[in-house]
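Open the structure in your viewer and switch to a cartoon view. The stops below say what to select and what is there.

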Amino acid sequence: MDNEIRHLRKKFFLLSSIISFIVIFVMMLILNILMQMTYKNEMKAAADMLAQTASSNVSDAGSEIIFLKDTQTNQNGYNIIPRNPATIKKVILNGTISCTDPNADWYCAGGGLFFELPDSEGKIIYVHKEYKFNRDNTKIIIDFTDDSDFLYNGNPLKTDITKVSPKHFFVSEVWWASSSTNQDMGPDEDVKLQLESIELQYLSDSSAASSENYVAVNRDFNEIYPDGLPDTLNNYRCFYLIADKQGNLLEVNNGNTLKSITQKNAYDIINSGKESEIIDNKEYKRKVVDTEKYRIYLYISDKQAEQSTSKLLLISALSGGSVFVLVLILINYISGIAVKPISESYQKQKDFISNASHELKTPITVISATAELMEKKNGSDRLTECLYVQANKMGRLVNEMLTLTRLSAPENVHADFKAFNISRTVENAALYFESRAFEEQKQIIADIEDNLNFTGNADKIDELTGILLDNALKYSDEKSDIRISLHSAKEKLILSCKNPCKDFDVRDIPHLFERFYRGDKSRSGEKSGFGLGLSIAREIAAVHKGTIKVDFNENIISFTVIFTVKEA
């Protein structure tokens, strides 16, 4: 009987041990799979956030502003612009012209943009394009794609912009000044022209970084995330590099690395083509993301997360082993009690197996169901595209509602108030809509008084102007002119937007600024939007202590915003 009892006890112990081992092993395996999935998901989330951070904060390389005070000069005192002229579409000279002679009806001044051109003998000659500022001009556009206006020693010269030196070009000092009281083409002490900056607009296949003298932006996450790095990125060491489609480096973002990356190192990293880079004794895995204009190189070091995962797996394995040892001790103890009487031994064994199976069935079922649910969640959905469109539409609605909500708390908006040039803000907003107006066979006519200053939120004034122009384009008659104007009157600034609209119903006027109200219901299905634009416009005007009104006269609908410049 003792042998039978020992045999039975061994059999029970062995069977229970095997079951316990299998259960713990399966649990450890599932835990390992879940941790690996979590690790990969976190890694993917970090890469996605890093790509979003890069694409959302990249500077526009299609244009560039250079302040002349920051440039070097040559022996003639001309400002050196270290950019390749062949990559530039237009140059906009920004300056201020004035005349101290009160009797002058008109006045102007000018100079030239110089280029180094090798002649037939290889000798360098200097050709130029003239610039001229008239009274009230603040900017002059020089077309670099026009090869017909080159001059050499005052005479026209036929050449090609691609033949000039690619290293630089020069902005000359003011050569001449003239006025109605002094018409000699020479210096006029009464006329002053001060050039401040130039804006370079590059060709579609070029960028600011195409010049060999271009210095890429170098920064880190502190500039992008001044309040602290998101947890998704905080678990990884990462950085990114941004280049244009031609491979020219635009930005080096050191991220949260411990070592600053120079422009030369960045080019070496990009051109290496390696799947990973070793920087500061850490391995960074590489991922390349292409956008419409840029190529983003993402580098993420997952060593810290990988080490944390390994430590967690080790702790889990040690815990599982300890639990298994405790289970063996428990099984041995139970088996000793179980074999006291033969009848009770078998019953206890049955009870133990039954109870153990019952108790283990629940966690196994839960784990299996959880795994199945995760598999279902990761499956594809045929309605994804429809959901995406509707989600975007709902997102726009939520953004507009959020804008209204924020505007209803003006103290948040007033915190961003500062003095700015409202003339330039309105002018830029009108320029943004000109291409759309052209496509719709309409024309935007701007009458904007120069250099009007205003204290407020420039972005909100830009948004207000955009709402008025967008509304005018939507509801104006075909092939019509839309007039946007900004003028000062005493202590007021008056912003007006007018457009012909012969189908307008005057009964809509009292409701135009109501939320979700859309006039012209017979054609409302053809117009995108939610009827919140004019409501937002009214709120923007209100937080700037202004008023907005609408008039309809002789088939012309007018929206007029009046701002108080100074308290009466």
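Helices (H or I, at least four residues) and strands (E, at least two) are DSSP runs, numbered from the N terminus. Residues are numbered from 1 along each chain as its sequence is written, and side-chain values use heavy atoms, with hydrogens and water left out. This is a predicted model: local features need pLDDT of at least 70, side-chain atom pairs count only at pLDDT 80 or more, and totals for chains, interfaces and linings use all residues.

**Stop 1: the whole chain**

Select the protein chain. Its secondary structure comes to 11 helices and 25 strands. Colour by burial next. Buried means under 20% relative accessible area, exposed over 50%, and partly exposed in between (1.4 Å probe, protein chains only). Of the 568 residues in the chain, 39% are buried. The chain exposes about 33600 Å², with 52% of that supplied by carbon and sulfur atoms. Accessible areas come from the Shrake-Rupley method with a 1.4 Å probe; for residues, only the protein chains shown count as cover.

Turn to contacts, meaning heavy atoms within 4.5 Å. Take those between residues at least 6 apart in sequence: 70% of them join residues at least 24 apart.

**Stop 2**

Select residues 276-279, strand β16, and 282-290, strand β17. Two strands pair if DSSP finds at least two bridges between them. β16 and β17 pair in the antiparallel sense over four bridges. Glu277 has Tyr284 in β17 as its bridge partner. Two residues separate the strands of this hairpin, and Asp280 in the turn has a positive phi of about 55°.

Asp290 stands opposite Arg295 in β18. The hairpin that joins β17 to β18 passes through three residues.

**Stop 3: the five-stranded sheet**

Show β20, β22, β23, β25 and β24. They form an open sheet in the order β20-β22-β23-β25-β24, with mixed pairing. At its edges are β20 (443-448) and β24 (546-553), each pairing on one side only. From one strand to the next, the twist averages 15°.

Zoom in on β23 (residues 492-500) and β25 (residues 556-564). They run antiparallel and are joined by nine bridges. Which residue stands opposite Thr560 in β25? Pick Ser496, for Ser496 stands opposite Thr560. Ser496 lies in strand β23. At 6% relative accessibility, Ser496 is buried. Neighbours within four places in sequence aside, Ser496 is in contact with Arg483, Ile484, Ser485, Phe559 and Thr560.

**Stop 4: helices by the sheet**

Select α9, residues 422-439. This helix lies across β20, β22 (481-489) and β23, and runs at about 170° to β20. Axes are lines fitted to C-alpha atoms, for helices over the stretch in contact, and angles run from 0 to 180 degrees between N-to-C directions.

Next take α10, residues 458-475. α10 lies across β20, β22, β23, β24 and β25, running at about 20° to β23.

Then move to α11, residues 533-543. Eight of its 11 residues are buried, so α11 is largely enclosed by the rest of the structure. The buried ones are Leu534, Ser535, Ile536, Ala537, Glu539, Ile540, Ala541 and Val543. Lys545 follows α11 and has a positive phi, near 55°.

**Stop 5: positive phi in loops**

Most residues other than glycine have a negative phi. Pick Gln441, in the loop between α9 and β20. Gln441 is not a glycine, yet its phi is positive, about 60°. Gln441 is exposed, with a relative accessible area of 52%.

Go on to Glu554, in the loop between β24 and β25. Its phi is also positive, near 55°. Is Glu554 buried or exposed? Glu554 counts as exposed, at 71% relative accessibility.

**Stop 6: the nonpolar cores**

A nonpolar core is a set of buried Ala, Val, Leu, Ile, Met, Phe, Trp, Tyr and Cys residues joined through side-chain atoms within 4.5 Å. The largest has 70 residues; Val91, Phe169, Ile198 and Leu241 touch the most other members. A second, separate core has 39 residues, including Phe420, Ala437, Cys501 and Val550.

Finish on Phe169. Leaving out residues up to four places away in sequence, Phe169 touches Asn79, Ile80, Ile81, Arg83, Pro85, Ile88, Val91, Phe114, Phe115, Phe144, Ile198 and Leu200.
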